[in-house]
Amino acid sequence: MELVVIGIIVVILLMIVISNIAVVQQSRAYVIERLGAFQTVWGVGLHFKVPFIDRIARRVSLKEQVLDYPPQPVITKDNVTMQIDTVVYFSITDPKLYTYGVEHPMAAMETLTATTLRNIIGDLELDQTLTSRDIINTKMRAILDEATDPWGIKVNRVELKNILPPADIQSSMEKQMKAERDRRQAILQAEGQKKSAILIAEGERESAILKADAEKQAAILKAEAEKQAAILKADGEAQAIMAVQKALADSLEMLNEKAPNESVLKLKAIEAMQKVADGKATKIIIPSEMQGIVGLANGIVEGTKE
């Protein structure tokens, strides 16, 4: 019987010892109280608490946490009521302050976030609220981080997820945006037509310039061709005259070698004049003293033909 009692006592003691052994996991912390007062904070590892004296007051997660609050009614500076929902990213940096700093920390965070949002939006008009998300996020994060520091909470980031204005204002904004888009489309279309007209005018001007340059080049080439033709024609006529003069000179040289009389010389001069005329309608004036010789030469020619 005594052995059974001793065994029971040993089992109870083992159960008490085992129940007072705690293993703290990674990214977690345990706040320990001794006789109702704060004793210590357990970090990662194996720990043993004194039975019936120490107790785990709170198990705290050190990971970053997210609070997604439902839409809150907020009034802007120009008296427009909007629904805004907020997302807060935070982490617990001091488990002791988190445990003893405020009662119900999550509820306190939600209330603080709502009041801070109302205060910031109350200083902004509707248009500023819709276009100043980054400014609102930054202000809220700074205010919440400072306010929650005594609670052992670090606010890392605040985001406005949705901003919902009233239905009538939202409809007016959509109409305004549609009108703005139509205006931009009209402007872009007008700009396109303007650029097209400019390009067409520039193309016509370039075409006219190219056409004028072509006509100028053609005129220059034609003038050059006519010039070369005239030069070649003048050279040909000069060469023909030189050939006639050379032939005349050769004939005179031959006559001089034969010692011709005056009548023969005059006859040769008449022949040279005929060659110069070249069968063209050229009027040749023959001196009176040579007319007799011409007649004699014609008579001789006619007698030869008979």
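A: In this predicted model, the side chain of Ser132 reaches the backbone oxygen of Gln128 at 2.7 Å, a pair that falls within the 3.5 Å limit for a polar contact. Ser132 itself is found in the loop between helix 4, which covers residues 126-131, and helix 5, which covers residues 133-148. With a relative accessible area of 13%, Ser132 is buried, because that term applies to values under 20%.

Ser27 is partly exposed, its relative accessible area being 25%, and its backbone has a positive phi of about 65 degrees although Ser27 is not a glycine.

Phe52 also has a positive phi of about 65 degrees without being a glycine, and Phe52 is found in the loop between strand 4 (45-48) and strand 5 (54-61). Its relative accessibility is 78%, so Phe52 counts as exposed, the cut-off for that word being over 50%.

Turning finally to the surface, a nonpolar patch is formed there by Leu3, Ile6, Val10, Leu14 and Ile18, which together have about 530 Å² of accessible area. One of these residues, Leu14, has its place in helix 1, which is made up of residues 2-19.

Key: Residues are numbered from 1 along each chain as its sequence is written. This is a predicted model: local features need pLDDT of at least 70, side-chain atom pairs count only at pLDDT 80 or more; totals for chains, interfaces and linings use all residues. Side-chain values use heavy atoms; hydrogens and water are left out. Helices (H or I, at least four residues) and strands (E, at least two) are DSSP runs, numbered from the N terminus. Buried means under 20% relative accessible area, exposed over 50%, partly exposed in between (1.4 Å probe, protein chains only). A polar contact is a pair of N or O atoms within 3.5 Å; within protein, one must be able to donate a hydrogen and the other to accept it, and residues adjacent in sequence count only if both atoms are side-chain atoms. Patches are made of residues with over 30% relative accessible area and no salt bridge: like charges are joined within 9 Å, nonpolar side chains (Val, Leu, Ile, Met, Phe, Trp, Tyr) within 5 Å. Accessible areas come from the Shrake-Rupley method with a 1.4 Å probe; for residues, only the protein chains shown count as cover. A salt bridge is a side-chain nitrogen of Lys or Arg within 4 Å of a carboxyl oxygen of Asp or Glu.
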